Amino acid sequence: MIIAGDIGGTKTNVALFHTNGSEVGPVVRQQTFRSGAYDSLEAILKEFINGTELKISGACFGIAAPVIAGSAKTPNLNWTVSAESLAEVLKIPSVGLINDLEATAHGIGTLSDSQLLTLNPGDSTRGGHRALIAAGTGLGMASIFYRDGQYILMPSEGGHCDFAPHTPTEADLWRYLGEKFGGHVSCERVLSGPGLFNVYCFLRDTGRAEEPAWLAEEIKSGDKTAVVSSAALSSRCELAMKALDMFVASYGAMAGNLALLLMATGGLYVGGGIAPKIREKLKDGTFMKAFTDKGRLSSLVASIPVRVILDDKTALFGAARWALGIGG
């Protein structure tokens with residue numbers, strides 16, 4: 001059996017899989033943990049395996065952080081994760097520790113049509129490199145290079161590159177966030193769960209729309225991002241709708257940038273926890289309009305297939321595939 005994990009800033013999914021050594025079998029047991037409730041990944045794993053006699057042959061964990069020399073410091077959690085320490089907890093010789101978007105990329109090839117939402121069919125006959133972008137607690141990206149019939153995966157920390165405004169309002173947003181966060185404004189400050197709420201606060205604080213009292217109360221007592229998103233999707237609040245519209249346009253623009261950077265003629269995939277929850281908004285054209293608005297190369301970007309990953313276990317299965325050496 002093998003253990004695989006998808007380690008995010010909000011939640012951590014861990015699963016135990018049967019395997020015959022060459023392919024990932026069915027899930028034996030799976031558990032979701034609230035990441036912030038634990039002081040380390042080791043603590044989560046100890047709880048997961050507590051009281052069981054498991055014969056584990058391999059393990060891999062995808063984590064929302066840059067992984068360097070088998071170690072990672074998570075930007076959205078106060079954790080330092082070491083592959084060596086994880087191996088000690090699991091009592092096996094070694095453990096794979098990879099970026100969470102790399103884990104997702106390993107799982108893409110196994111997805112069926114029912115696990116994907118097509119925003120743009122594009123030209124699917126060409127193949128070629130693929131790109132992956134995923135907004136959740138943070139913003140992740142990965143490149144999937146195609147060479148000699150195989151996909152070669154490369155993680156990225158592109159979510160922390162500079163946010164580029166496209167409109168006067170977005171320029172005002174950039175200035176607002178620069179003042180709020182002390183200078184550098186990354187894409188993640190806009191394109192993430194906290195980022196959506198940042199956009200909402202910008203529109204509210206600059207008087208572009210009024211915040212109703214009922215929504216202010218809901219924000220105080222609930223998940224800020226979820227409350228704003230729900231109010232927007234149900235068309236109950238103009239301010240929330242404007243925030244989600246601006247968020248989705250910025251998401252599409254950044255996805256288009258990534259597709260150009262990688263010449264992703266094989267497709268752009270949208271992962272992460274946010275996209276499936278706002279799928280109806282993603283389908284209204286706002287995302288694709290910004291995605292394809294690339295001047296002289298707009299027609300090229302418009303020919304790239306764009307698909308949303310609906311299965312939130314893709315990274316988990318991708319990590320399991322990596323543990324068996326069959327990812328990509």
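Just after helix H4, Gly182 adopts a positive phi of about 80°. This comes from a predicted model, in which the count of salt bridges comes to 13.

**Helix H4**

- Helix H4 covers residues 168-181, and its 14 residues should span 20 Å at 1.5 Å a residue, which agrees with the 20 Å that separates its end C-alpha atoms.
- The buried residues in H4 are Glu170, Ala171, Leu173, Tyr176, Leu177 and Gly178, and what covers the buried residues of this helix includes H5 and helix H8 (238-262).
- In general, an α-helix has 3.6 residues a turn, so residues three or four places apart point the same way.

- Side chains of opposite charge can pair when their charged atoms come close.
- Arg208 and Asp172 form a salt bridge through their side chains, with an N to O distance of 2.7 Å.
- This pair links distant parts of the chain, since Asp172 lies in helix H4 while Arg208 sits in the loop between helix H5 (193-205) and helix H6 (213-221), the two being 36 residues apart.
- Arg208 counts as partly exposed, because its relative accessibility is 29%, and Asp172 is likewise partly exposed, with a relative accessible area of 27%.

**Two further salt bridges**

- Arg204 and Asp205 are joined by a salt bridge in which the closest N and O atoms are 2.9 Å apart; Arg204 is partly exposed at 28% relative accessibility, and Asp205 is partly exposed at 43%.
- Lys283 and Glu280 also meet in a salt bridge, at 3.3 Å from N to O; Lys283 is partly exposed, with a relative accessible area of 46%, whereas Glu280, at 52%, is exposed.
- Elsewhere, salt bridges that share partners join Asp172, Arg175 and Arg208 into one network.

- Arg307 has its place in strand E14 (residues 306-309).
- Leaving aside its neighbours within four places in sequence, Arg307 is in contact with Leu116, Leu117, Thr118, Ser124, Gly266, Leu268, Tyr269 and Val270.

Terms used:
Residues numbered from 1 in each chain as written. Predicted model: local features only at pLDDT ≥ 70, side-chain atom pairs only at ≥ 80, totals over all residues. Heavy atoms only, no water. Salt bridge = Lys/Arg side-chain N within 4 Å of Asp/Glu carboxyl O. Helix = DSSP H or I, 4+ residues; strand = E, 2+ residues; numbered from the N terminus. Buried < 20%, exposed > 50% of the residue type's maximum accessible area, 1.4 Å probe, protein only. Contact = heavy atoms within 4.5 Å. Expected span 1.5 Å × (residues − 1).
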